[in-house]
Amino acid sequence: MTPSDFSNNAAVDAPRAPPSTVASRSLLRERAARKEAETLLEQKSRELYDINQNLRRLNTHIEESEARYRTLVELIPDAIWIHTDGRIVFMNPAALHLFGARAGDELLGTAAIDRVPPESRAQMAEGTYHDIAAAQLMPRSALQVLRCDGEPVDVEYFGCRIWFNNADSVMSVAHDVTERRLHEKAIEHQATHDQLTGLPNRALFLDRLAHAIPRAERRKERIAVVFLDLDKFKQVNDTLGHAIGDELLRTVADTLRHCVRDFDTVARLGGDEFVLLLDSPLGDTTPGMIAERIGARLARPVMLAGQEHVITGSMGLSLFPDDGNDPENLLRQADIAMYRAKEAGRNGFQFFTQEMQSRLDARVTLERGLLRALERDEFVLHYQPQVDLASGRIVGLEALLRWQSPELGLVPPMQFIPVAEESNLITAIGTWVLDKACATLRAWRDAGLPVVPVAVNVAASQFAHQDLEATLRGVLEKHGVDPALIEFELTESLSMEDPEASIAMMHRLKAIGIAMAIDDFGTGYSNLSYLKRFPVDKLKIDQSFTRGLVNDAEDRSIVTAVIRLAHSLGLRTIAEGVETEGQLRLLAAQGCDEIQGYYFSRPLPEAGIVAMLRDGVTMTLDVLR
Ligand SMILES: Nc1nc2c(ncn2[C@@H]2O[C@H](COP(=O)(O)O[C@H]3[C@@H](O)[C@H](n4cnc5c(=O)[nH]c(N)nc54)O[C@@H]3COP(=O)(O)O)[C@@H](O)[C@H]2O)c(=O)[nH]1
């Protein structure tokens, strides 16, 4: 019905009276009143219509909104449940799923607090679940809820107060964060554990050590840190492959875990380095006894690639409080002691001592000194002549490095070359030597001196460095030196470390045009089948054999054999360390090609050698051929 429907009906029903003066006045009034009433009625009916329309619209809106929220609550992945007076009165499908309810109404009417594990109940009882006022204040929190099968589930939870079915109630919203937690745990595990063995890593080890120190301090106990490095692990890796190497590391990790108590920590620092924190009260067991036990267990044969292998390890031990209370320091001290155990012949252990620290400090000082020596150009080359036994003439020079230290005086190479090798400074030093030798050759040639080839020593790590070839080319080009004037002396052990790689490198160097000699020959157990593949020009007989030539028949035999072997392979021989005429005569008699030693000349500074070259000094002796 429309508003006009109301007004039309009113017009039809109104009575019509004939007009008279009085009557007409009253009629008029009546008509006016009626008109007014009609208008009012019309207005009210219009208002009623509007109210009706609005109510209809409101109803539609409420229905739509309710449908929208119902869909939202049913489809939302977050679990929603409502409890009134402590009993669950509503659950959405996600809540049923979260709690693993079989039937929709399985949990309705049950106590809401039963869905919380006992250990979280106190927290919930004081908060959302019972104190409704607190529910509105409760922030989003991490807790566990209980599934119907009793399994706890990690959730992120939020509770709030609502009116539900005309009752003060609590609505809980939660979503399962199990996967996120697992992911977080995996990331945390990765950051604190070694992936190969599953053992704690360095960071976690240091963290545990940092916590163990104050604990031990309170209990007046000792802690031991054991640093273990496997002996010859590289060999296993190189010969049996990395997969077997990994298997060995996992086996060692298991062995170590079984050697200590659960409370102790076994960690892997990387490579074949393991470290143990003996943190549980040691009682009558000394750290040394534990180290012995570890050594003995490690030395039991293990099966690798179908074969039995005996693996040993070297260990260093540091102690709290004896050696200090700084975790990093204790670890470093155990490491230092481990190196001493290696030096002492491996397969054993050493306790850290202050003397070890002093030695290390001296070494560090030496390393710094060497670095400064390079920067300040404190190195010098001395040269020792190499004499041809057929002509008595100087046919080569060996460049020998010295360090002219402002503090220490002239330092011989034996005192710093090993440190330079260990600290990797040797590559920079070796480049300096090569550069200096080439610069000197160029200067001598420019000065019109009769130049002879210069032999430079190449250290193992320098030889293994990929840059050696490029460095050599660069230096030769820089000084415009004929490659034939440079000889590389490679030690026998260096060339045998990785023979195939050495052969390849030797060929590349040879292609540049330099000569090559095997230094200290006879001391390094050469595999002769490799020797014939080395593109070398000369074998240098080690001075230990030269020394024994006159009085030791065995040394004499070795020297004879080396000379014959070299000649049969088309190589020249040079004997180093020749100090006496007797040695010289025997070498000449055996057909040795060249000699080097104090008999003819000590290594000399540049000026001395320049004089010799300029004067054409030769060796004269009746034995010379
Ligand atoms: N990587 C590099 N190593 C180098 C370099 N310069 C030297 N060295 C190596 O240091 C070791 C010791 O060298 P040095 O003290 O110079 O001793 C050499 C000679 O002085 C010594 N020699 C020579 N003749 C005699 C002798 O008649 N008697 C005797 N007792 N010693 C003698 O022998 C050393 C030469 O050895 P070698 O190199 O094997 O020919 C030494 O191992 C050097 O190699 C360098 O620049 N880089």
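The model is predicted: local features need pLDDT of at least 70, side-chain atom pairs count only at pLDDT 80 or more, and totals for chains, interfaces and linings use all residues. Residues are numbered from 1 along each chain as its sequence is written.

Helices (H or I, at least four residues) and strands (E, at least two) are DSSP runs, numbered from the N terminus.

Follow β14 to its partner. β13 and β14 pair in the antiparallel sense over 9 bridges. Two strands pair if DSSP finds at least two bridges between them. Within this pair, Gln386 has Gly396 of β14 as its bridge partner. The hairpin of β13 and β14 has 5 residues between the strands, and Gly392 takes a positive phi near 80° there.

Tyr383 stands opposite Leu604 of β22. Another 2 bridges join β13 to β21 (residues 594–596), again antiparallel. In β21, Ile595 is the bridge partner of Val387. Is β13 enclosed or open? 9 of its 10 residues are buried, so β13 is largely enclosed by the rest of the structure. Buried means that 20 or more other C-beta atoms lie within 10 Å of a residue's own; exposed means 12 or fewer, and partly exposed is in between, with C-beta atoms placed from the backbone.

Gly608 lies in α23 (residues 606–615). Gly608 and Tyr383 are 225 residues apart in sequence, but 8.7 Å apart in space, C-alpha to C-alpha. Gly608 counts as partly exposed, because it has 15 C-beta neighbours inside 10 Å.

Now turn to another sheet. It is open, has 5 strands in the order β7-β8-β6-β11-β12, and shows mixed pairing. β7 (265–270) and β12 (349–351) stand at the edges with a single partner strand each, so one side of each is left without a neighbour in the sheet. The twist averages 20° from one strand to the next.

Walk across this sheet from β7. β7 and β8 pair in the antiparallel sense over 5 bridges. Thr265 has Leu277 of β8 as its bridge partner. Their hairpin has 2 residues between the strands, and Gly271 takes a positive phi near 50°. Further along, β6 (residues 223–230) and β11 (residues 313–320) pair in the antiparallel sense over 8 bridges. Ala224 stands opposite Leu319 of β11, and Val225 opposite Ser318. In a regular strand the side chains alternate between the two faces of the sheet.

β11 and β12 run parallel, joined by 3 bridges. Here Met315 has Phe349 of β12 as its bridge partner. In β11, 7 of the 8 residues are buried, so the strand is largely enclosed by the rest of the structure. Helix α7 (residues 202–219) lies across β6, β7, β8 (273–278) and β11, and runs at about 140° to β7.

Two helices form the next contact. How do α11 and α12 pack? α11 (residues 327–343) and α12 (residues 354–375) pack at an angle of about 90°, with their axes 10 Å apart. Axes are lines fitted to C-alpha atoms, for helices over the stretch in contact, and angles run from 0 to 180 degrees between N-to-C directions. The two helices are therefore roughly perpendicular, a term for angles of 65 to 115 degrees. Ile336, Ala337 and Arg340 of α11 meet Met356, Gln357 and Leu360 of α12. Residues are in contact if their C-beta atoms, placed from the backbone, lie within 7 Å.

Finally, the whole chain. The protein has 23 helices and 22 strands. Of its 625 residues, 31% count as buried.

Definitions and conventions: Parallel < 35°, antiparallel > 145°, perpendicular 65-115°, else oblique. Contact = placed C-beta atoms within 7 Å.
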